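Please read them alongside the coordinates.

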Amino acid sequence: ALHVLNESAKDNPLSDVPWNAMSSIFFQSKDTASGLIALETAARLNPDNFNRLANLANYYNSKGNVSKAAYYKSLYDQKVAEYQEKQKLLGKENKR
């Protein structure tokens, strides 16, 4: 499975999907270091995924890595605020 996902990542370098799938496989096999690399790569490629950013912030917080936890929490907060603003604008447009 990892071979196929690696090939997919090479063929689709801007897609977060194979990296997210690889992170799951790594975490399930207890390879936390590789799982984090894959999850961070997925987050970098698609920073709009709130859950992924929250998971990274919570993981680093649980490990006492305050600076990385704060970084991902800040990204999470920023993306949530952007999303909420877009929803407000869409709501105003729909009322017209």
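**Notes on helices and packing**

1. Helix α2 (residues 17–28) has 12 residues and spans 17 Å from its first C-alpha to its last, close to the 16 Å expected at 1.5 Å a residue. The expected span is 1.5 Å times one less than the number of residues. Helices are DSSP runs (H or I, at least four residues), numbered from the N terminus.

2. This is a predicted model: local features need pLDDT of at least 70, side-chain atom pairs count only at pLDDT 80 or more, and totals for chains, interfaces and linings use all residues. Residues are numbered from 1 along each chain as its sequence is written, and side-chain values use heavy atoms, leaving out hydrogens and water.

3. Pro18, Met22, Ser23 and Phe26 of α2 are buried. They cover an arc of only 140° around the axis, so they sit on the same side of α2. The arc is taken from the directions from the helix axis to the C-beta atoms. Val17 and Gln28, on the other side of α2, are exposed. Buried means under 20% relative accessible area, exposed over 50%, partly exposed in between (1.4 Å probe, protein chains only).

4. The cover over the buried residues of α2 includes α1 (2–11) and α3 (32–45). Just after α2, Lys30 has a positive phi of about 65°.

5. α3 and helix α4 (residues 50–62) pack at about 140°, with axes 10 Å apart. That makes α3 oblique to α4. Axes are lines fitted to C-alpha atoms, for helices over the stretch in contact, and angles run from 0 to 180 degrees between N-to-C directions. Under 35 degrees is roughly parallel, over 145 roughly antiparallel, 65 to 115 roughly perpendicular, and the rest oblique.

6. Which residues meet at this pairing of α3 and α4? From α3 come Thr32, Leu36, Leu39, Glu40, Ala42 and Ala43; from α4, Arg52, Leu53, Leu56, Tyr59 and Tyr60. Contact means heavy atoms within 4.5 Å.

7. Lys79 lies in helix α5 (residues 66–94). Lys79 counts as buried because its relative accessibility is 14%. Leaving aside neighbours within four places in sequence, Lys79 contacts Pro47, Asp48, Phe50 and Leu53. Lys79 and Pro47 are 32 residues apart along the chain, and their C-alpha atoms are separated by 7.8 Å.

Conventions
Helix = DSSP H or I, 4+ residues; strand = E, 2+ residues; numbered from the N terminus.
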